[in-house]
Amino acid sequence: MEYWDIYRNGKKIGMKNSREELEPGEYHIIVEGWIQVGQEEFIIQRRSYEKKIFPGWWTCSVSGSLLSKETPIEGLIRETKEELGIDLFEENIRLYEKIRDGNALFYIYHICQEFLLEDLKLDPKEVMDVNIVKVSEIYRMIKENSFVKLDYYDAFFRDVLED
């Protein structure tokens with residue numbers, strides 16, 4: 001059973017079982033990581049059909065909810081190990097932005113760390129496929145409705161590719 005820390009107005013107010021409904025104004029923290037492995041290349045994942053949200057869709061390299069008492073970096077490292085079977089090094093992780101949306105506060109991370117597809121060991125309950133693609137391919141997949149489209153993508157790719 002997983003437990004989340006629950007927040008309201010920027011303050012931790014307790015924790016709940018991840019299956020419990022959140023009250024209006026309550027939120028929990030979700031991490032999203034984009035692993036950049038080449039000049040304009042990122043690891044992307046196709047979510048398992050067992051997932052409740054966006055089953056079978058392509059999305060960022062890694063994502064998931066923080067467990068109670070975890071920091072966002074700890075949660076990102078844990079989720080990456082669980083979903084992709086690889087270890088991230090903290091010095092390669094940079095917080096890009098925090099976005100509040102509904103009952104979640106998203107921490108969006110840019111990770112610059114070299115991996116090959118052969119390095120990845122997927123958890124089939126979480127991830128059904130992975131690929132390394134250029135940003136142009138991500139936008140093509142969005143147009144084909146096979147990739148989750150979130151509002152921050154344009155600014156994210158523009159900013160991280162300029163660095």
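The protein chain holds three helices and nine strands, where helices (H or I, at least four residues) and strands (E, at least two) are DSSP runs numbered from the N terminus. This is a predicted model, in which local features need pLDDT of at least 70, side-chain atom pairs count only at pLDDT 80 or more, and totals for chains, interfaces and linings use all residues. Residues are numbered from 1 along each chain as its sequence is written, and side-chain values use heavy atoms, with hydrogens and water left out.

Following the sequence, the elements come in the order β-β-β-β-β-β-α-β-β-β-α-α. Along the principal axes, the C-alpha atoms fill a box of roughly 40 × 35 × 35 Å. Of the 163 residues, 48% count as buried, meaning under 20% relative accessible area with a 1.4 Å probe, protein chains only.

Now let us look at one strand, β6.

| Residues of β6 | Direction and burial |
|---|---|
| Val-62 and Gly-64 | point one way, buried |
| Ser-63 and Ser-65 | point the other way, buried |

In a regular strand the side chains alternate between the two faces of the sheet. Strand β6 (residues 62–65) also has a neighbour to meet: strand β3 (residues 28–36) pairs with β6 in the antiparallel sense over four bridges, and pairing asks for at least two bridges found by DSSP. Within this part of the model, Gly-33 has Val-62 in β6 as its bridge partner.

Terms used. Buried means under 20% relative accessible area, exposed over 50%, partly exposed in between (1.4 Å probe, protein chains only).
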